[in-house]
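Please examine the sequence and the three-dimensional structure shown below. A short briefing on the chain accompanies them.

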Amino acid sequence: MTIIWTSISAYLIFETVLLFLLLLPLPFDLNVSLARATSRALREGKYFVRFLALFLGYHLADALWSLYKHSTAPDGNANAQNISNYYITKFRTERNCYMTGFSLVVLGLILLVEPLVRENKRKEEKLQENKVK
């Protein structure tokens with residue numbers, strides 16, 4: 001894999017772990033600190049998140065275009081090397097397409113789940129304050 005697809009793969013792993021941690025029922029203090037850190041990072045890095053979404057969108061479009069380009073199978077007169085190259089290229093193109101598409105979906109899920117987790121933590125803090133009183 002090239003450096004671009006390796007970085008997209010690493011980012012996909014990172015954001016999948018982050019989404020998993022946001023949705024996991026962790027101890028209250030740990031969950032609050034994780035939600036605050038995620039909220040702060042998304043707030044302060046909003047231009048980076050937009051750039052990242054555009055970057056992933058561009059590479060998704062590139063992968064889809066490459067998939068379209070390689071959609072025709074070699075004819076019956078092609079040698080084994082051409083057929084092998086066709087299937088290798090098609091596999092890599094499909095992998096890149098799925099990887100970038102899933103990265104965009106998980107980024108959208110993080111942007112949707114993060115405010116809900118933050119609001120939930122805020123309500124839990126209020127509930128604990130009311131129990132103390």
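The points that follow are grouped by topic.

This is a predicted model, in which local features need pLDDT of at least 70 and side-chain atom pairs count only at pLDDT 80 or more, while totals for chains, interfaces and linings use all residues. Residues are numbered from 1 along each chain as its sequence is written, and side-chain values use heavy atoms, with hydrogens and water left out.

**Fold and overall dimensions**

- The chain contains four helices and zero strands; helices (H or I, at least four residues) and strands (E, at least two) are DSSP runs, numbered from the N terminus.
- Along the sequence, the pattern reads α-α-α-α.
- The radius of gyration of the chain is 21 Å, whereas a compact globule of 133 residues would have one near 14 Å. This radius is taken over C-alpha atoms, and the globule rule is 2.2 Å times the number of residues to the power 0.38.
- Taken along the principal axes, the box filled by the C-alpha atoms is roughly 85 × 25 × 20 Å.

- Contacts (heavy atoms within 4.5 Å) between residues at least 6 apart in sequence join residues at least 24 apart in 78% of cases.
- Of the 133 residues, 29% count as buried. Buried means under 20% relative accessible area, exposed over 50%, and partly exposed in between (1.4 Å probe, protein chains only).

**Aromatic pairs**

- Rings of Phe, Tyr and Trp (its six-membered ring) pair if their centres lie within 6.5 Å; planes under 30 degrees apart count as stacked, over 60 as edge-to-face and the rest as tilted.
- By this rule, the chain has three aromatic pairs.
- Tyr 86 and Tyr 87 form an edge-to-face pair, because their ring centres are 4.9 Å apart and their planes lie at 70 degrees.
- Tyr 86 counts as buried, at 11% relative accessibility.

- Met 99 lies in helix H4 (residues 80–132) and is buried, at 9% relative accessibility.
- The C-alpha atoms of Met 99 and His 59 are separated by 9.9 Å, although the residues are 40 apart along the chain.
- Arg 92 is also in helix H4, but this residue counts as partly exposed, at 49% relative accessibility.
- Arg 92 and Ala 63 are 29 residues apart in sequence, with 9.2 Å between their C-alpha atoms.
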